[in-house]
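Subject: Structure for your review

Dear colleague,

Please find the structure below, together with its sequence. My notes on it follow, and I would ask you to read them with the model open.

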Amino acid sequence: MGVSTSRNEHCRPLQSPITICTKKVKYDSCLKPLYIYYDPKSTRRLVNLGHCFNVEYDDTSDRSVLGEGPLIGYYRLRQFHFHWGSSDKDGSEHVIDGQEYPAELHIVHWNAQKYPSFNEAMKHPDGLAVIGVLLKIGEPNPAIQNIIDNLDQVKTKDKECPFTQFNLSSLLPNDRNYWTYQGSLTTSPYLECVTWIILQEAIPISSDQLHHFRGLLCSSENEDPSFILENHRALQPLAARVIRSSCK
Ligand SMILES: OSc1ccc(O)cc1O
Ligand SMILES: [Zn+2]
């Protein structure tokens with residue numbers, strides 16, 4: 001084996017997503033309750049990235065933050081996005097006891113106390129903290145409807161529009177118990193910089209609302225239209241990682 005230029009050549013990769021087998025998770029009494037404060041006034045814009053859409057925030061100060069839980073210090077809210085499937089049968093990235101959910105919300109935060117920028121934070125294992133919320137088919141979700149009502153303005157790749165005053169806390173379930181493990185971005189460049197915090201309670205979305213996600217285009221306005229029918233990554237090996245739980 002030659003000289004290692006990256007950790008992967010000597011250690012097992014820490015990629016995401018993974019399947020969570022609830023019988024094998026380890027309750028850790030040192031895990032604290034999550035501290036979450038999201039200021040609706042820090043919502044800035046909606047943007048179509050081609051493989052998904054982001055709702056982006058003002059992260060030039062600690063206006064919206066995530067702290068406690070498995071984390072050291074506070075992480076600043078930067079954006080949230082969803083992953084979905086071509087049908088309601090799959091679409092989540094994390095899988096719980098073999099069950100795939102129709103979609104998954106990722107709320108992305110970065111360690112602004114330790115790193116000067118989001119791009120720098122992505123180069124470190126403690127750089128990002130992402131809350132994953134599973135979505136299940138149910139009643140229409142009013143908060144998600146608020147986003148859907150604006151998707152027509154970002155139909156094609158690289159389109160963006162102002163999007164403000166969004167109450168992100170309304171997308172969180174009442175139960176804040178979570179599983180946590182060290183992993184990666186689930187889109188390129190798949191950097192191993194994420195403390196994953198997967199909430200154990202799913203939130204509802206209607207089948208019709210999910211249908212609207214699939215109507216977004218990955219093509220730009222002067223290309224032949226092509227839909228973002230699905231954007232969830234395949235499961236990755238857990239390797240020697242232990243998933244911890246905030247409750248028994
Ligand atoms: O899908 S997880 C994820 C997290 C942070 C980010 O900047 C991009 C991502 O895809
Ligand atoms: Zn994601």
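Which side chain does the side chain of Ser245 join in a polar contact of 3.1 Å? Please bear in mind that this is a predicted model. The partner is Gln200. Ser245 belongs to strand β15, which covers residues 244-245. The side chain of Ser245 also reaches the backbone oxygen of Cys247, at 2.7 Å. Ser245 has a relative accessibility of 2%, and it therefore counts as buried, since that term applies to values under 20%.

The second topic is ligand 1. The space that ligand 1 takes is the largest pocket. Two elements each give two or more residues to the shell around the ligand, namely β7 (74-84) and β9 (103-110). Of the elements, β7 gives the most, with 3 residues. Among the residues that surround ligand 1 are Gln79, Val108, Phe118, Thr186 and Trp196. By type, the shell holds 5 nonpolar residues and 6 polar ones, with no charged residue.

A polar side-chain atom of His83 lies 3.2 Å from an oxygen atom of ligand 1. For His81, an N or O atom of the side chain is 3.4 Å from an oxygen atom of the ligand. The side chain of His106 likewise has an N or O atom 3.4 Å from a ligand oxygen. Taken alone, ligand 1 exposes 290 Å², and the protein buries 91% of that area.

Yours sincerely

Key
Residues numbered from 1 in each chain as written. Chains lettered and ligands numbered in written order. Predicted model: local features only at pLDDT ≥ 70, side-chain atom pairs only at ≥ 80, totals over all residues. Heavy atoms only, no water. Near = heavy atom within 4 Å. Polar contact = N/O pair within 3.5 Å; in protein donor to acceptor, adjacent residues only side chain to side chain. Areas by Shrake-Rupley, 256 points an atom, 1.4 Å probe, with all protein chains shown as cover. 1 Å grid on protein atoms, 1.4 Å probe; cavity = no way out; pocket = protein on both sides within 12 Å on 5 of 7 lines; lining within 4 Å. Sits in = over half its atoms within 2 Å of the grid points. Helix = DSSP H or I, 4+ residues; strand = E, 2+ residues; numbered from the N terminus. Nonpolar A, V, L, I, M, F, W, Y, C, P; charged D, E, K, R; others polar. Buried < 20%, exposed > 50% of the residue type's maximum accessible area, 1.4 Å probe, protein only.
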